[in-house]
Structures are given as structure tokens and as C-alpha cells.
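Here is a friendly walk through a few local features. Have the sequence and the 3D view open as you read.

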Amino acid sequence: MSSKTQNILICGGGNGAHVLAGILSSRENTQTNVLTLHDNEADIWNKALENDVMCCTFPNGSETRGRPNMISKNPADVVPGTNLILISVPAFSHDRYLKAIEPYICCPTTIVGLPGQPGFEFQSRDILRKKSQFVSVMSAVTLPWACRIVEYGRKVKINGTKKSVNVAIIKDTSKGTVNPLLQLQSVLGTPPALNKINHFLELSLMFASVHPGLMYGRWKYWDGIPLSAEPLFYQGTDDFQAKCVTDLDDEIQLVAKEISKRTGVDFQGCASMYDWLTRSYGSAISNPSNLKTTLVTNKAYEGMVHPMIKVKGGYVPDFKHRYLSEDVPFGLVVVKGMAKIVGLKTPVIDEVIRWGQQKLGKVYIEGTELTGEHICETRAPQVYGIKTLKDLQAMMK
Ligand code: NAI
């Protein structure tokens, strides 16, 4: 193991992984490796850095430069000896990364879902069960940055940095030698200020509304005619989209309140989307009057467009994008699963899941039941055998 103080592994090869690689590899006391399992990303990234370093640009125009120690698609190359693993990929690939790293974990390690997204707690406990004496597992509610790759492997741009990010400790076996939260804060720097939330289940009970709500609101009544330009995603929010997000959010809040009432756990950090946005982005939002204006006037969202596919005659929506492929099975379906456990009806969530699953070519729910043939591809608690309030309470300890 390196004599350097932190031996960090970044899992992923997308926007978030690029920011982490750019920032952390510029640090003196850090050895940064990257594991990317997707296609031939590792080869492409290595080739891009053959004669160059990575450059990460911040919203104020400043830059960091650095080069990761090793970028590999082979976990045996990069997992052993790592004391911090940051998984920064869409939730649909968490399973692949957790299973790939698990056999190589043999010393105390902190593993962070950055972000974890709903259901990370169920999945990580399940896959890392045999290594529980070594691992502290945390989950961040979101990525600290709004960011996009500018040039693969080389350049990434941060459009906005959140002031604070809620983080949950799912399992802590560090036995006092390392405080995983402080470890992560020292690696990321400030901002964002990491805020430890009261209970890890909170992370599954918020944040599932915005992407599916905006997608449903924009495309539910689309006439199928290609658009001449890609519409703005957040900044193009109209009244109907804002209502869709709010209606989803209201149901999610009801589920959180019911679980809280029935289990006695206080979900202090469960905020509405509006509260979360204003708290996270602060002065980047020029008009925080309501949900619509916080989305439309948030500088961190400048230039972000709907996921679109270029076709003859213009652009059509990409319904396979992570705004649905991540946020339905690893967002709304997880909340729906928890609503089922406490016997709550969720008509708005059901409607958006039904629309989203049809666009994704999947069946998660049938009517209002979690009986679709692809339910096993989601992180609904029922997939992990958590079917009753008693099961949920046992898992919440
Ligand atoms: P991304 O869209 O850039 O992720 C793409 C990457 O995911 C690929 O490059 C690949 O490395 C990996 N991947 C995709 N399919 C895979 C597969 N089948 N197997 C293995 N790996 C696969 O994602 P991004 O932007 O880095 O986001 C990471 C997480 O952060 C997501 O959960 C996202 O929702 C969240 N997030 C992202 C923000 C942003 O501004 N980029 C802002 C807030 C949250």
C-alpha cells in the first residue's frame, strides 16, 4: 500500500467520476484509482490521458489538474488496500460495482454511494453481508455537483456545487478508528458541508420526485413530432411539470410521515423538493418564490437539456435515459414498496410508474401491485425480503 495517507477508489466513468478523479488526483496526500466496468471506458480514459492530465473547471473559472494513479476495469488491480471507495454511477449499475468489489475487501474500508439513491441501503447490506466486519457504508442523497464531461477522460465542468449534502451512515464497523463522515468530508473538501441525517431510510424517502416528475410532465401529452431543439430540462419547467413534481413529492412525504409514526424514527432530514433545492443551492437560485421558479432560475442548472435523441427532422426524447431508467426502479418503485408496507395508497406515484415503465419497456407494477415481471430489477424493499413493518423495523436497526 502506498505511503500516502488516503488510498481512494472511484467507481464509475461518467460525469461524477470525472469530477472526483479530477479533484482527488490533484491532491498531494491522496492516491486515486478508478474502476470502470462499463464497456471499454477504462481503455478510452487511459488513452485520453496518455500525454495529458485531467482538468476540472469550477463555476468560478478556477481549475484543478491531476492524473489518477490507475484506471482499470479489473477490480483486482484497484480494490485491495483501498480505505475509501466512492461509487459514483447511476443506481442501475450499483449492483455490478458492489458485486465486483466485494471479494477484494479484506481490510477496513469506507464505501460511499455518491449518491446512493433510494434502496441503496437494502442492496448494499445484502451484497456486503459477508464483509460487514470490514465496511462502513454511507450514502449521500445526491452528488455534490451539477456537472458534465466536456471531453471524455480529460475535461469536466462543474456548473454548481451544493452548499450542503445530506449523508446517511448505513452501517459503521469502523469501531472508532476512523469517523467515516469526517473521512469523506476531508476528502471532498468544503463546500459541500456534509450533514449527517438522523436515519438512513430518509434517503429513500426523498428525492425520487424531480426527474420522473419533470419527464412525465413534459412528455405525457407529447404529440410524437420531433422538436427542432432540445428543451431545457430544469430551467424549462412549466406549471404542469411543477405540479407533477409537487404531487409526487406530497405522496412521498406522506409515506415518510407514516413510517415515522409507525416506527417512532424521526426523519428530520426529509425535506420537500422545494426546501431541499433552496437549502442546497442557496444564492444560485435568483427567484426562490416557489418550486417552479427555484428550478427555472437556478444557475447550476443553466444549459441542462432534456435527454434527447437526434432523428431525421429534429429531436425526440430519450426515454431510456437515467432520468427514468434510474429514477423509476431506483426511486419511485422503492417509495411505492415502502408505501405498501405501511398500507398507503399512492395514486400519483402509481400513475407515473405506469407511464415510466411503459416507456422503459418494463413492468414493475400491475395496477397498484408490485407484481410485475421486472420487479426484481428494482430496489423495492420487497425484493430483499422486507415485506412487513416488522421486517422493515428489523432492517432499520
Ligand atoms: P452518468 O450519466 O455520467 O453515468 C454514466 C456512467 O455510468 C457511464 O459512463 C458508466 O461509467 C456508468 N454506467 C452506465 N451504464 C453502466 C452499466 N450498465 N454498467 C456499468 N456502468 C455503467 O452519471 P453521472 O452524471 O456521473 O451521475 C452519477 C450519479 O449522480 C447518478 O445517480 C445521478 O443521478 C447522480 N447525479 C448526477 C448529477 C450530475 O450533475 N451529473 C447531479 C445530481 C445527481
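## A covered helix

Which residues are buried in α6? They are Pro180, Leu181, Gln183, Leu184, Gln185, Val187 and Leu188, where buried means under 20% relative accessible area, with exposed over 50% and partly exposed in between (1.4 Å probe, protein chains only). Helix α6 spans residues 180–188 and is mostly covered, with 7 of its 9 residues buried. Helices (H or I, at least four residues) and strands (E, at least two) are DSSP runs, numbered from the N terminus.

Now look at the two ends. At the start of α6, a side-chain oxygen of Asn179 comes to within 2.9 Å of the backbone nitrogen of Leu181. After α6 comes Gly189, with a positive phi near 80 degrees.

## About the model

This is a predicted model, in which local features need pLDDT of at least 70, side-chain atom pairs count only at pLDDT 80 or more, and totals for chains, interfaces and linings use all residues. Residues are numbered from 1 along each chain as its sequence is written, and side-chain values use heavy atoms, leaving out hydrogens and water.

## Helix α8 and its two partners

Helix α7 (residues 210–219) and helix α8 (residues 239–263) have axes that come within 8 Å and cross at roughly 140 degrees. Axes are lines fitted to C-alpha atoms, for helices over the stretch in contact, and angles run from 0 to 180 degrees between N-to-C directions. α7 and α8 are therefore oblique to each other; angles under 35 degrees count as roughly parallel, over 145 as roughly antiparallel, 65 to 115 as roughly perpendicular and the rest as oblique. Residues in contact (heavy atoms within 4.5 Å) include Leu214 and Tyr216 of α7 and Phe240 and Leu248 of α8.

The axes of α8 and helix α12 (residues 328–341) come within 10 Å and cross at roughly 40 degrees, so this pair is oblique too. Here Leu248, Ile252, Val255 and Ile259 of α8 meet Leu332, Val335, Met338 and Ala339 of α12.

## Ser25 in its loop

Ser25 sits in the loop between α1 (15–24) and β2 (30–35). Is Ser25 buried or exposed? Ser25 counts as buried because its relative accessibility is 14%.

The Ser25 side chain reaches the backbone nitrogen of Arg67 at 3.3 Å. Leaving aside residues up to four places away in sequence, Ser25 touches Leu20, Thr32, Gly66, Arg67 and Pro68.

Methods:
Polar contact = N/O pair within 3.5 Å; in protein donor to acceptor, adjacent residues only side chain to side chain.
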